[in-house]
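Open the model in a viewer and keep the selection panel at hand. The stops below say what to select next and what is found there.

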Amino acid sequence: MHKTDLPGNPPEAETDFDTFRQIDIRIGTVLEAAPLEGARKPSIRLVIDFGEGVGHKKSSAQITDHYTPEQLVGRQVAAVVNFPPRQIGKFMSEVLTLGFPDTDGAIVLFSPDSPVPNGARLA
């Protein structure tokens with residue numbers, strides 16, 4: 001599940017800060033990563049540790065153009081942790097891992113430059 005917009009597109013409709021804060025974006029560390037078998041588009045299934053408050057959650061990410069499963073284990077990523085789970089083939093994705101499209105539309109993960117505690121919320 002991902003939506004890609006062209007960089008030249010105008011911004012979405014204006015919203016207020018309270019609405020933005022309802023989207024719970026956290027940092028977690030990838031514990032497990034493997035190809036997602038049976039996916040229509042090449043994807044990697046992830047198990048991410050978001051710390052004590054959120055715990056371990058599963059995610060499916062279409063990021064195979066830039067990443068192998070081996071490169072992802074131990075990496076910190078950002079994800080929305082309060083969307084409802086979504087069925088991806090036979091896999092239930094529990095969080096939305098965040099990334100941005102490169103010039104070819106392939107997803108590049110959004111992650112911190114320096115380590116932060118698992119479960120840290122976007123400030």
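The tour goes from the sheet to its strands, then to the cores and the salt bridges.

Two notes on conventions come before the stops. This is a predicted model, in which local features need pLDDT of at least 70 and side-chain atom pairs count only at pLDDT 80 or more, while totals for chains, interfaces and linings use all residues. Residues are numbered from 1 along each chain as its sequence is written, and side-chain values use heavy atoms, with hydrogens and water left out.

**Stop 1: the sheet**

Select strands S3, S2, S1, S4 and S7, which form an open sheet of five strands in that order with antiparallel pairing. Strands here are DSSP runs of E with at least two residues, helices are runs of H or I with at least four, and both are numbered from the N terminus. Two strands pair if DSSP finds at least two bridges between them. At the edges are S3 (56–61) and S7, each pairing on one side only.

**Stop 2: strand S4**

Now select residues 76–80, which make up S4; five of its five residues are buried. Buried means under 20% relative accessible area, exposed means over 50%, and partly exposed lies in between (1.4 Å probe, protein chains only). Gln-76, Ala-78 and Val-80 are on one side of S4, Val-77 and Ala-79 on the other, and both faces are covered. Five bridges join S4 to S1 in the antiparallel sense; across from Val-77 stands Gly-28. S4 also pairs with S7 (residues 96–97), antiparallel, over two bridges, and Val-80 has Leu-96 as its bridge partner there.

**Stop 3: Thr-29**

Move to S1 (residues 25–35) and pick Thr-29. Is Thr-29 buried or exposed? Thr-29 counts as buried because its relative accessibility is 16%. Leaving aside neighbours within four places in sequence, its contacts (heavy atoms within 4.5 Å) include Val-47, Ile-48, Asp-49, Gln-76 and Asn-118.

**Stop 4: the nonpolar cores**

Next, select Val-30, Leu-46, Ile-48, Phe-50, Ile-63 and Leu-72, the residues with the most contacts inside the largest nonpolar core, which has 17 residues. A nonpolar core is a set of buried Ala, Val, Leu, Ile, Met, Phe, Trp, Tyr and Cys residues joined through side-chain atoms within 4.5 Å. S1, S2 (44–49), S4 and S9 each give two or more residues to this core, and the largest share, three residues, comes from S2. Centre on Leu-72: beyond its neighbours within four places in sequence, Leu-72 is in contact with Val-30, Ala-33, Ile-44, Leu-46, Ile-63, Tyr-67 and Leu-109. A second, separate core has six residues, among them Ile-25, Ile-27, Leu-96 and Leu-98.

**Stop 5: the salt bridges**

Finally, select Asp-24, Arg-26 and Arg-121, which are linked in a network of salt bridges. A salt bridge is a side-chain nitrogen of Lys or Arg within 4 Å of a carboxyl oxygen of Asp or Glu, and the structure holds two. Between Arg-26 and Asp-24, the closest N and O atoms are 2.7 Å apart. The salt bridge from Arg-121 to Asp-24 has an N to O distance of 3.3 Å. This pair links distant parts of the chain, 97 residues apart: Asp-24 is in the loop between helix H1 (17–21) and S1, and Arg-121 is in the segment after S9 (107–109). Asp-24 counts as buried because its relative accessibility is 11%; Arg-121, at 33%, counts as partly exposed. Arg-26 is buried, as is Asp-24.
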